[in-house]
Amino acid sequence: MRQMFKSVLLAAPFFTVPSILAQTTGTTNLNVNLASVLAIEVSDPTVVIQMNTPAHFSSGSTTGTLSDHLKVTANEGFTVTVEAAGNLSNAGEEIPVSTVVVSSSSGSYLGASGSTAPTTNPTFPSSALALSSSAPVTIISCATGDLRGYDVAYSIPAANTPSYLDKTPGVYTTLLTYTIVAD
């Protein structure tokens, strides 16, 4: 019996599972480089307000709501302004750009499908504002970042239609520039 016990003890080291010392964890530094991102895109490169019926001259005219006319990407609070390059002009004849008013409202969330829209509370002027070529007009202000379209409507109110009387028929135009800045 003693002999068998010695044989088992001598054979035991040959039948054990070898232990391999391997690394079982690893680490890495994950860096996300976050920069200030402020971007604006105007979806409709040309906007037309029709002034071609008696009703337009008595009641005013509008483009109607242009859905997601402005597309904003901002990872911080922002303000959006609009400014005209000058008055509406056609072959040297002018109509004050201030006869056109602009209004804005929240449009569609533009994030990836299935993602959750951030809680944002953009503010808009309480009424439509006259366009200006001498100073930017603030149309959107938001204290937080957003990824959203904004609806815009351009209108000529009935009170401003007399400015369109006694003018040569044609297309009166100006360039509008939208600007986004961080708050």
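**A look into the core**

Modeller: Start with the order of elements. This is a predicted model, and along the sequence its chain reads α-β-α-β-β-β-β-β-β-β-β-β-β. That pattern holds two helices and 11 strands. The chain has 183 residues, and 28% of them count as buried.

Now the core itself. The largest nonpolar core has 27 residues. Leu70, Phe78, Val80, Val102, Ile139 and Tyr178 have the most contacts inside it. In soluble globular proteins, nonpolar side chains tend to be buried together.

Take Val102 as a close-up. Set aside its neighbours within four places in sequence. Val102 is then in contact with Val82, Ala128, Leu129, Leu131, Ile139, Val152, Ala153, Tyr154 and Tyr178. Two of these partners, Ile139 and Tyr178, are also listed with the most contacts inside the core.

Contacts across the chain can be counted too. Consider contacts between residues at least 6 apart in sequence. Of these, 83% join residues at least 24 apart.

Asp146 and Arg148 form a salt bridge through their side chains, at 3.1 Å from N to O. Both Asp146 and Arg148 are buried. A search of the whole structure finds one salt bridge.

The chain exposes about 11800 Å². Carbon and sulfur atoms supply 57% of that area.

How values were computed
Residues are numbered from 1 along each chain as its sequence is written. This is a predicted model: local features need pLDDT of at least 70, side-chain atom pairs count only at pLDDT 80 or more; totals for chains, interfaces and linings use all residues. Side-chain values use heavy atoms; hydrogens and water are left out. Helices (H or I, at least four residues) and strands (E, at least two) are DSSP runs, numbered from the N terminus. Buried means under 20% relative accessible area, exposed over 50%, partly exposed in between (1.4 Å probe, protein chains only). Contact means heavy atoms within 4.5 Å. Accessible areas come from the Shrake-Rupley method with a 1.4 Å probe; for residues, only the protein chains shown count as cover. A nonpolar core is a set of buried Ala, Val, Leu, Ile, Met, Phe, Trp, Tyr and Cys residues joined through side-chain atoms within 4.5 Å. A salt bridge is a side-chain nitrogen of Lys or Arg within 4 Å of a carboxyl oxygen of Asp or Glu.
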